[in-house]
Amino acid sequence: LCTGYPVAFFSNKSLNTLENIKGNRWRTASFWHRSFLKNAGAIPVTMPWGDGVSKALEDGTLDGLMVNMDSGYEIKAQKVAPNILLSKDLWLGHLYLLVMNKDTWNGLANEDRQAIRRAAETAYKTLGTVMNNSFDSQLEDLEKDGAKVRVLDSEEVEQWKTATGYTQLQSVWVKDQEKKGVESASTVMKKVRDIITDFMK
């Protein structure tokens, strides 16, 4: 399991603050994040990931992209949406899974399975440092490409958290899950909030 990089806001329009997203068409990855954008005043757009996103930013059918910094970097969003705001304190919360078919795993020699386990342990111990270094080099590359990049300050991060109404959205999600018979939804959400609160201390 690993996470993506912090969130970045790529825009083809002036983006001095996150207030500038209001009334503009923004693409992001999930129902949570579309709701964040909507609550903050943007018009959320659903669009498949790929070259079409860059094309839509270039032709103006899309005004902005809220995405992991590395994903925007990989599609070179900065070439057509060079106004970028980002923060290491904002995350999209996606987990990426490295998986293997069970039959394939069972067909491996024990020494190969042990090697994969050791590689995972090594990766877990070093991933933070690797990602921090890569974050810095991606930031430099964005600026070399002519992008106007600014890191949000802590007050702006708090303003974004308020604007998204994320706690209310979480409560709505819990109620929806409970209606579907998921009795542990409230307990799980509380545990997640406790973990985040504890970590942020």
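Start by selecting D194: at 38% relative accessibility, this residue counts as partly exposed. The side chains of D194 and K190 meet in a salt bridge, 2.8 Å from N to O. (A salt bridge is a side-chain nitrogen of Lys or Arg within 4 Å of a carboxyl oxygen of Asp or Glu.) Both residues lie in helix α8 (residues 185-200), four residues apart, about one turn of the helix. (Helices, H or I with at least four residues, and strands, E with at least two, are DSSP runs numbered from the N terminus.)

Before moving on, note that this is a predicted model: local features need pLDDT of at least 70, side-chain atom pairs count only at pLDDT 80 or more, and totals for chains, interfaces and linings use all residues. Residues are numbered from 1 along each chain as its sequence is written, and side-chain values use heavy atoms, with hydrogens and water left out.

**Whole chain**

Zoom out. The protein chain has eight helices and eight strands. Its C-alpha atoms fill a box of roughly 55 × 45 × 35 Å, taken along the principal axes. Of the 201 residues, 35% are buried.

**The sheet**

Show the strands. Six of them form an open sheet with mixed pairing, in the order β4-β3-β5-β2-β6-β8. (Two strands pair if DSSP finds at least two bridges between them.) The edges are β4 (43-45) and β8 (148-151), each pairing on one side only. Neighbouring strands here are turned by 25° against each other on average, direction ignored. (Axes are lines fitted to C-alpha atoms, for helices over the stretch in contact, and angles run from 0 to 180 degrees between N-to-C directions.)

Select β3 (residues 25-27) and β5 (residues 64-68). These strands run parallel and are joined by two bridges. Pick R27: its bridge partner in β5 is L65.

Next, colour β6 and its two neighbours.
- β2 and β6 run antiparallel, joined by four bridges.
- F9 stands opposite L85 in β6.
- β6 and β8 pair in the parallel sense over four bridges.
- On the β8 side, the bridge partner of L85 is R150.

Show the side chains of β6. N83 and L85 point one way, I84 and L86 the other way, and all are buried.

**Along α5**

Click Q114, which lies in helix α5. Q114 is partly exposed, with a relative accessible area of 32%. Draw a distance to Q138, 24 residues apart along the chain: the C-alpha atoms are separated by 33 Å.

Go to D145 and K79, whose closest N and O atoms are 3.3 Å apart. This pair links distant parts of the chain, 66 residues apart: D145 is in the loop between α5 and β8, and K79 is in the loop between α3 and β6. D145 is partly exposed at 35%, whereas K79 counts as exposed at 53%.

Then select E19 and K22, a salt bridge of 3.0 Å from N to O. K22 is partly exposed, with a relative accessible area of 45%.

Select K76, in the loop between α3 (69-74) and β6. K76 has a positive phi of about 55° although it is not a glycine. K76 is partly exposed, at 48% relative accessible area.

**Last stop: the surface**

Select L97, in the loop between β7 (95-96) and α4 (102-107). L97 counts as exposed because its relative accessibility is 57%.

Key: Buried means under 20% relative accessible area, exposed over 50%, partly exposed in between (1.4 Å probe, protein chains only).
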